[in-house]
Amino acid sequence: MPISIGNKPENDFTNPLGMLSDCHRRIEKFLRLLNTVTEQAQGAALNDEQREALQKALDYFQRSAPNHTLDEEESVFPRMLASESAAVTDALAKLEPLHEEHLIAEKLHAEVETLGQAWLDEGRLEPERLHRLSQLLKDLQTIYQRHITVEDTEIFPLAGNLLNARELALIGSEMAARRGIDIQKWQKLL
């Protein structure tokens, strides 16, 4: 089965909440990619396509995904909590579990990174480590299914209603800065 690697995001820094949802699609895609490679190769030597897919997925979760968590934890959630809306009270009950899931996913991804890099470096993954990798990916799948659903269907729409244009623009600027992008130069390119 051919392995597909990337889609162009639909949103940009002018729509930070849409960008966060786009990131969820990439998380789902790269997690599927990790599962596909693991199921196809079963710990054996990777072909070129599998090796490239594994490396790209590991790179994504190592380099890009942490920015997504920071976007939520440092830019979106605090602004929501600062709102004086009664709707935030209901959201508060959901934000703490989301924060905990971020911490759990981070630990699981660290172990996936270690096992994935070992597979790339050693050319094979023995059965015990393959089983552990499969379990980690299953656990991540379970966490992300719930987590992404709550954020995409409840938290981000609420944030879109609570936060004004200025706050959303600041979130977009902070997201750009986390990625080393000068937002003012970027805006001139639009």
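Modeller: Before we start, a polar contact here is a pair of N or O atoms within 3.5 Å; within protein, one must be able to donate a hydrogen and the other to accept it, and residues adjacent in sequence count only if both atoms are side-chain atoms.

Biologist: Okay. What kind of model is this, and how are residues numbered?

Modeller: It's a predicted model, where local features need pLDDT of at least 70, side-chain atom pairs count only at pLDDT 80 or more, and totals for chains, interfaces and linings use all residues. Residues are numbered from 1 along each chain as its sequence is written, and side-chain values use heavy atoms, with hydrogens and water left out.

Biologist: Which side chain does the side chain of arginine 178 make a polar contact with?

Modeller: That of aspartate 71, at 2.7 Å.

Biologist: And what else is arginine 178 in contact with?

Modeller: Skipping neighbours within four places in sequence, arginine 178 is in contact with Asn67, Leu70, Asp71, Glu74 and Ser75. Contact means heavy atoms within 4.5 Å. Asparagine 67 sits 111 residues away along the chain, yet its C-alpha atom and that of arginine 178 are separated by 6.5 Å.

Biologist: Where is arginine 178 placed?

Modeller: In helix H5, residues 165-178. Helices (H or I, at least four residues) and strands (E, at least two) are DSSP runs, numbered from the N terminus.

Biologist: Why isn't arginine 178 called buried or exposed?

Modeller: Because its relative accessible area is 22%, arginine 178 counts as partly exposed. Buried means under 20% relative accessible area, exposed over 50%, and partly exposed in between (1.4 Å probe, protein chains only).

Biologist: Switching topic: how many helices and strands does the protein have?

Modeller: Six helices and zero strands. Buried residues make up 44% of the 190 residues.

Biologist: Which residues touch the most other members in the largest nonpolar core?

Modeller: Leu34, Leu54, Phe61, Val112, Trp119, Leu140 and Tyr144, out of 31 residues in that core. Helices H1 (16-41), H2 (48-82), H3 (87-122) and H4 (127-162) are the elements that give it two or more residues. A nonpolar core is a set of buried Ala, Val, Leu, Ile, Met, Phe, Trp, Tyr and Cys residues joined through side-chain atoms within 4.5 Å.

Biologist: What does tryptophan 119 touch?

Modeller: Leaving out residues up to four places away in sequence, its partners include Val37, Leu54, Arg124 and Leu133. There's also a second, separate core of 23 residues, with Leu20, Ala91, Leu98 and Leu163 among them.
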